[in-house]
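Visitor: I am new to this structure. Please show me how to read a few of its features.

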Amino acid sequence: MNYNKINNISGWVVFGIAFLVYLLTMAPTASFWDCGEFIACANELEVPHPPGAPFFLLIGRIFAIFSFGDETLVALMLNIQSALTSAFTVLFTFWITTILAKKLLVSVEARPNKEQLIAIIAAGFVAAMANTFADSFWFNAVEAEVYAMSSFFTAIVVWLMFKWEARADQPGHQRWLILIMYLMGCSIGVHLLNLLTIPALAYIYYFRKYKFSWAGFIATGAVSVAILGIIQTGIIIYTFDLAWAFEKSLVGTQSASGATTTGLGLPLGSGMILFFLLLFGGMIASIWYTHKRRLVMANTFLIAMAAVYIGFSSYAMIPIRSNADTPIDENNPDNALTFLSYMKREQYGDRPLLYGPLYNVQPTSQKTEKAFILRDGDDRYTESGNKVSYEYPSNQKKLFPRMYEPGRYNMGPHAYLNYVKNTGEKRNGRDVTPYDDKPTAGEDMRYFFGYQVKHMYWRYFMWNFAGRENDFQDCDWESGLAFWKTSKQTQPVKDNRSKNHFYLLPFLLGLAGLGYQIFKRGNDAAIVGLLFFFTGFAIILYLNQYPMQPRERDYSFAGSFQTYAIWIGLGVIALYDWLRRLLNKNAVYAAVAIGLIPPMLMATQGWDDHSRHGRYVAPDSAYNLLNSLEKNAVLFTNGDNDTFPLWYIQEVENVRPDVRVLCLSYVNTDWYIEQMMRKMNESEALPITMKASEYVGQENQALFLRQEKLELRLPINKEELVSAGILYPKEADMIQGNTMQWTVPTRGSGGRRYLELKDRLIVNLVENVAKDGWERPVYFANTVAPNSFIGLRNNLRLEGLAYRIMPVVYPRTSDPYDPYDGSVDPERMYTNLKNFRTRNLDNPNVYYDENIKRMVSNYHGVFYRLSNYYLREASELEAQQRAGLDSTTRASNPELADADPAALRERAKEVMTMVDERFPYTSCEPDPYIIVRAGIMFSRLGMEEKANEYLEYGYKVASETLKYYADVDDYFSKIDVYLYGMQMYAQHLGEKGDREKADQVAQEYQNYAQKLRNYR
């Protein structure tokens, strides 16, 4: 038997299985979060958020070409890229495992016998399949994100290092090391996670070349960390720091007025060019010199560093494409200064890692550093105020600070106050401020282990190898072995498709493999252990995450989980060795049979909640939002899931390129404001008249004021607005005179009031739109938080999935189930909602996770509101008819003056019927209060059968879910929304006169509220 041939063929079989799995479960289009942004940027080679992923985008562009001009297939091609690179990761995981498994059974040169061969190949297969079906890795493999390709680089460099190990005594073995460094350079253009393999690779080199000693072991660790630092800081950051220093000296700077100048005044870019000529010239000369002198180690190191730079050169794409002013051009890194900021990820701010203050320390002073910009038309960099950083008293800084962000002091179940016992001043039993606390180092470590380690890593680890409770944010792991809990699970709890039970089998098999490798080959166990540590636990140390993350972060640790899959595979070798004392030659078959159980369990349990087949919600939600808007609209959005699908569908599918999307997360930045002042696609430049001195620089992030509000008056020509179709006559009648009076509330408290830069920009934009006769429609997405409305809450008109800013103050409704802002444009809304794209939302065979359900709840809200509007108008007309009023005065809306109340009720029923048919709760189930509210509306419309169906189901889900968590005394992340569903149901029963049942539900509500809120 030819071992190498069998090993190679088996590896490619594993690759084929994994690739087929991912193709079958892959998303057919763009997904939420960063996927839409990356697909759009890959398709047109645009500039994504820092630090970018240029290598990923370049490869993605190649895949996008295979859409052959069909823009609807671009996202699919990018998803195939992730599926393919993930399958290659599985392939290399297989080969890494067989290398390690072979070492456990036979010497490196020896050929394994038949039983040993079966055991080795089975170990590789089990590891590969455990990797294939691991929760986090599978999630990354079926969407267009960087983490799948990052995992590929992790796997291939480790495999190459083991290949080098087998050839380390052959001439030219250094070429393997140089190839590894080149791939690491390429991987920087995907994600930095691959660099975390360096310590493990260093120890492979050490154990192969040197005899073990503790001094050598420690020195190798120090060298590996130094190499990691050289690449991550020296190459990625300091290279551009030095380039900027050259640029500033050769090109020069000037004061804001241009009166004072420094530098030589050479053309822009001269310093950058000279620096890189010197850098690469010096590197080439050094390589030539060390080659001539036969300085092998130095020569290899220099060539390896050159290889990193060559791989890293994909970053040249970022400033090149930024200079082309692409529609997506985040941070505008088109010159040395902005590119340096881009690479440093300055927009994300700093966090203390090894030494710094905790959240309760007040700064004692400020440190300033001159800031510069490059203004259009200037030949020098211009001073633009100062960058400010804060200094803290050294006697109050701590080693290894973990609780450092004051804003997270009282946010959620893992807020800092839950870990700090010796709090300071209290008022009415509550902490007055975080700044009077006295947290100890021990309490800081409690937070570290309780939240950062346990909640933000160990929980994810157990999702992958023990099981998962559900798909709710902050859900726990669940193996299925806690029978005292699982026996109490009610049907709604059992029905969550993301409830996966692996009964700890993958975890235990991995422990067996780990223990056996430590016992048999401690060096190899140390290498895999280092890889496991640095791709998992070390990330926790580096990220230093604060509570209330916007999403689950398990995707970051996929490298750690794929490493543990190696130990799961080696568990087969352990079983084989232990069983052959009992079963002789049959031991290998028993070991293989037992070893296959964990990955089979992972596959069968995980398939239904990892398959994204048939999901179109992200692009459809973007399509529906954009088509809620009038032509040439301006749309303010909230964040990633509001914005990135819009970028995708505009840039890739060319849907509504006339709309200008403004993400409120970016509006506080000068580069974004400047991009709004130029034409983009089919959208004209925005009418913004702010001067650069009003928005450039850190000092303009907030405008401090004394008053609590600003009173503004905007011009209105009611007649022109009515004739242009912007206002309805009734709306014009609601305006007093020819001005719109508008009160902008300031932020902050006491004498420290201020407006954020985004507040001032919105004010400036609306003022100029008003001066232009309100021709350019301005909208807020209906997911934007009210604190971003800058006093316009009652000036909003809902036209679909967006509120349009209008010069009208609308009366607020009194419906407790309709607490929304502004008014409703029934005709525009009805047309827009009828044309919504809701592909497959009526298909119960498609899995929709909690994130998608939350987005679809947005649909429920606008359909409910439109139906409620028609019902309210019908009721008012009926009341006026009963009062005998004339038809010319009886309607609150003149467009409905001649409407028949019965027709309006039918329209309301039609809208709610669309809800039931197009996105029923049986296919994409929202939170119970959404279902209950729909049931209440059906009841109001006289559709009692449908109402009872919705009401009873919503109540059942809320009640039985809360009952389970109360019975097992456990934390439930959605306590409030489930309790709200019960509260709504009890209130509705009371309104219907069913006092007995209303009291029963209200009592249940009180019991669950009292018990479960103790676990927050």
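Guide: Start with a definition. A salt bridge is a side-chain nitrogen of Lys or Arg within 4 Å of a carboxyl oxygen of Asp or Glu. Keep in mind that this is a predicted model.

Visitor: How many salt bridges does that rule give here?

Guide: Side chains of opposite charge can pair when their charged atoms come close. Here the count comes to 41 salt bridges.

Visitor: Where do Asp849 and Arg615 sit in the chain?

Guide: The pair links distant parts of the chain, 234 residues apart. Asp849 lies in the loop between helix H30 (826-834) and helix H31 (850-882). Arg615 lies in the loop between H22 and helix H23 (617-626).

Visitor: How do I read two packed helices?

Guide: Two packed helices are described by the angle between their axes and the distance between the axes. Take helix H1 (residues 3-25) and helix H4 (residues 74-105): their axes come within 8 Å and cross at roughly 145°. The crossing of H1 with H4 is right-handed. Residues in contact include Trp12 and Phe15 of H1, and Phe88 and Trp95 of H4. The contact residues divide into 17 nonpolar, six polar and one charged.

Visitor: Which residues make the nonpolar surface patch?

Guide: Leu481, Phe483, Tyr503, Leu505, Leu508, Leu511, Ile594 and Ile597 make a patch of about 690 Å². Phe483 is placed in helix H16 (residues 483-486).

Visitor: Which helix gives the most to the nonpolar patch?

Guide: H18 does, with three residues. Helix H18 (505-520) and helix H22 (587-610) each supply at least two.

Methods: Residues numbered from 1 in each chain as written. Predicted model: local features only at pLDDT ≥ 70, side-chain atom pairs only at ≥ 80, totals over all residues. Heavy atoms only, no water. Axes fitted to C-alpha atoms, helices over the stretch in contact; angles between N-to-C directions. Helix = DSSP H or I, 4+ residues; strand = E, 2+ residues; numbered from the N terminus. Left-handed = near helix turned anticlockwise from the far one by under 90°. Contact = heavy atoms within 4.5 Å. Nonpolar A, V, L, I, M, F, W, Y, C, P; charged D, E, K, R; others polar. Patch = residues over 30% accessible without salt bridge, like charges linked within 9 Å, V, L, I, M, F, W, Y side chains within 5 Å. Areas by Shrake-Rupley, 256 points an atom, 1.4 Å probe, with all protein chains shown as cover.
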